[in-house]
Amino acid sequence: MSLKLDEADLLIIALLRDEARLSLRDLGARVNLSAPAVAARLKRLEDAKIIEGYRAVISADKFALAFEALIFVKVIPADSERFIDEMKALPAVSSCLKITGDYSYMLTVSFPKIDALNHFVDKLNMMYGMTKTSIILNKEISLRSPFTLDTLRFKN
């Protein structure tokens, strides 16, 4: 479904990307629309799969997950499906991206202790071969959907 987006749609998307719990009234105030008009636009954006869902961002600190890391893993094609299934089943894995270059996948993982991270990396090395690990020191930009007003204007 192709949907023509106007300035209000783009602004609603931008606002929700950064703060998905804004009320319809607050959204309406920021885009100069009534709450029912915003609700109708949201339904249209959701039906068109432009907005695919709303998520809670979980605090790693509250769960004592002190170590977050990026792990690059080289997986042979025959093992890819098994690897993805195993990563989906592990709560410590928050993302698994198929990438190009020297490695096949990039994982984002979180663990309470460095020993647990080391154990996980050792297990990956045993099961799949080559890995490279980088510990995340700080998230300068938190996880969010990629989006710019200019990008969406070009897609219409």
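Select Ile114, Ile135 and Leu137: they make a nonpolar surface patch with about 310 Å² of accessible area together. Patch members have over 30% relative accessible area and no salt bridge; nonpolar side chains (Val, Leu, Ile, Met, Phe, Trp, Tyr) are joined within 5 Å, like charges within 9 Å. Areas are Shrake-Rupley values with a 1.4 Å probe, and for residues only the protein chains shown count as cover.

This is a predicted model: local features need pLDDT of at least 70, side-chain atom pairs count only at pLDDT 80 or more, and totals for chains, interfaces and linings use all residues. Residues are numbered from 1 along each chain as its sequence is written, and side-chain values use heavy atoms, without hydrogens and water.

Stay on Ile114. It sits in helix α5 (residues 114-128); helices are DSSP runs of H or I, at least four residues, numbered from the N terminus. Ile114 is partly exposed at 31% (buried is under 20% relative accessible area, exposed over 50%, partly exposed in between).

Next, the charged pairs. The whole structure holds seven salt bridges (a Lys or Arg side-chain nitrogen within 4 Å of an Asp or Glu carboxyl oxygen).

Select Asp6 and Arg41. Their closest N and O atoms are 2.8 Å apart. Asp6 precedes α1 (7-18) and Arg41 is in helix α3 (residues 35-47), so the bridge ties parts 35 residues apart in sequence. Arg41 is buried at 17%; Asp6 is partly exposed at 31%.

Move to Arg17 and Asp18, bridged at 3.4 Å. Arg17 is partly exposed at 23%, Asp18 exposed at 55%.

Finish at Arg82 and Asp79: N to O, 3.6 Å.

Terms used:
Helix = DSSP H or I, 4+ residues; strand = E, 2+ residues; numbered from the N terminus. Buried < 20%, exposed > 50% of the residue type's maximum accessible area, 1.4 Å probe, protein only.
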